[in-house]
Amino acid sequence: RDAVVAAAHTHLSPKTRVLVHFTAADDAEAARELPTETAALAKFAQDAGEAGEYQLAVAAYTELLARKPNKMNTVIYLATRGQLHMDKEDWDAAITDFEFALTVVDYPAVRDLLQEAKRRKSERDDA
């Protein structure tokens with residue numbers, strides 16, 4: 001996974017980079033049907049994250065991003081999905097989301113989240 005991420009950063013322009021998240025077909029939580037209307041989907045994603053339904057929230061935020069939202073919502077969705085990844089200690093996925101968000105808008109809070117994810121990944125790798 002690290003080699004693929006490194007290759008993407010080396011060879012793909014951030015302007016054309018696409019994030020892809022795969023979910024197992026037998027994952028009942030992630031397989032639940034998502035709302036079709038964007039506002040309802042955004043609320044659903046937020047509620048799922050707050051309820052600790054990690055896979056479902058990630059799937060909903062991924063669908064929201066696939067709908068090509070405006071820049072601000074793109075950053076919000078990526079940052080929120082990155083925080084969900086951090087909650088599950090998936091540092092690589094969190095770092096990828098935060099880095100991509102920063103290519104859209106250089107927002108200080110996202111930079112702070114990126115640094116935190118990198119620090120925690122480094123601590124894990126050092127252990």
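**From one tyrosine outwards**

Author: Let's start with Tyr77, which is buried, its relative accessible area being 9%. Here buried means under 20% relative accessible area, exposed means over 50%, and partly exposed is in between, computed with a 1.4 Å probe on protein chains only. Before going on, please keep in mind that this is a predicted model, in which local features need pLDDT of at least 70 and side-chain atom pairs count only at pLDDT 80 or more, while totals for chains, interfaces and linings use all residues. Residues are numbered from 1 along each chain as its sequence is written, and side-chain values use heavy atoms, with hydrogens and water left out.

One aromatic pair is present in the structure. Its members are Tyr61 and Tyr77, in a tilted arrangement with 6.0 Å from centre to centre and 50° between the planes. By the rule used, rings of Phe, Tyr and Trp (its six-membered ring) pair if their centres lie within 6.5 Å, with planes under 30 degrees apart called stacked, over 60 edge-to-face and the rest tilted. The pair links distant parts of the chain, as Tyr61 belongs to helix α4 (residues 54-66) and Tyr77 to helix α5 (residues 71-87), 16 residues apart. Helices here are DSSP runs (H or I, at least four residues), strands are runs of E of at least two, and both are numbered from the N terminus. Tyr61 has 6% relative accessibility, so it counts as buried too.

The largest nonpolar core has 29 residues, and Tyr61, Leu64, Leu84, Met86, Phe98, Val110 and Ala117 touch the most other members. Such a core is a set of buried Ala, Val, Leu, Ile, Met, Phe, Trp, Tyr and Cys residues joined through side-chain atoms within 4.5 Å. Two or more residues come from each of α3, α4, α5, α6 (91-104) and α7, and α4 gives the most, with eight residues. As general background, nonpolar side chains tend to be buried together in soluble globular proteins.

Leaving out residues up to four places away in sequence, Met86 touches Trp91, Ala94, Phe98, Leu113, Glu116, Ala117 and Arg120, where contact means heavy atoms within 4.5 Å.

The buried residues of α7 are Val110, Leu113, Leu114, Ala117 and Lys121. They lie on the same side of α7, because they cover an arc of only 100° around the axis, the arc being that of the directions from the helix axis to the C-beta atoms. An α-helix has 3.6 residues a turn, so residues three or four places apart point the same way. The partners against which the buried residues of α7 pack are α1 (2-11), α5 and α6. On the face turned away from the buried side, α7 carries the exposed residues Asp112 and Asp126. The 19 residues of α7 should span 27 Å at 1.5 Å a residue, and the end C-alpha atoms are 27 Å apart, which agrees; the expected span is 1.5 Å times one less than the number of residues.

Two of the residues that Met86 touches, Glu116 and Arg120, also meet each other in a salt bridge (3.9 Å, N to O). The term covers a side-chain nitrogen of Lys or Arg within 4 Å of a carboxyl oxygen of Asp or Glu. Glu116 and Arg120 are about one helical turn apart, because four residues separate them in α7 (residues 108-126). Arg120 is partly exposed at 30%, and Glu116 is partly exposed at 26%. A network of salt bridges links Glu116, Arg119, Arg120 and Glu123. Further along, Asp125 forms a salt bridge with Arg124, with 2.9 Å between the closest N and O atoms.

The structure holds 10 salt bridges, including one between Asp47 and Lys43 (2.9 Å, N to O).

Stepping back, the protein has seven helices and zero strands. Buried residues make up 33% of its 127 residues. Of the contacts between residues at least 6 apart in sequence, 50% join residues at least 24 apart.
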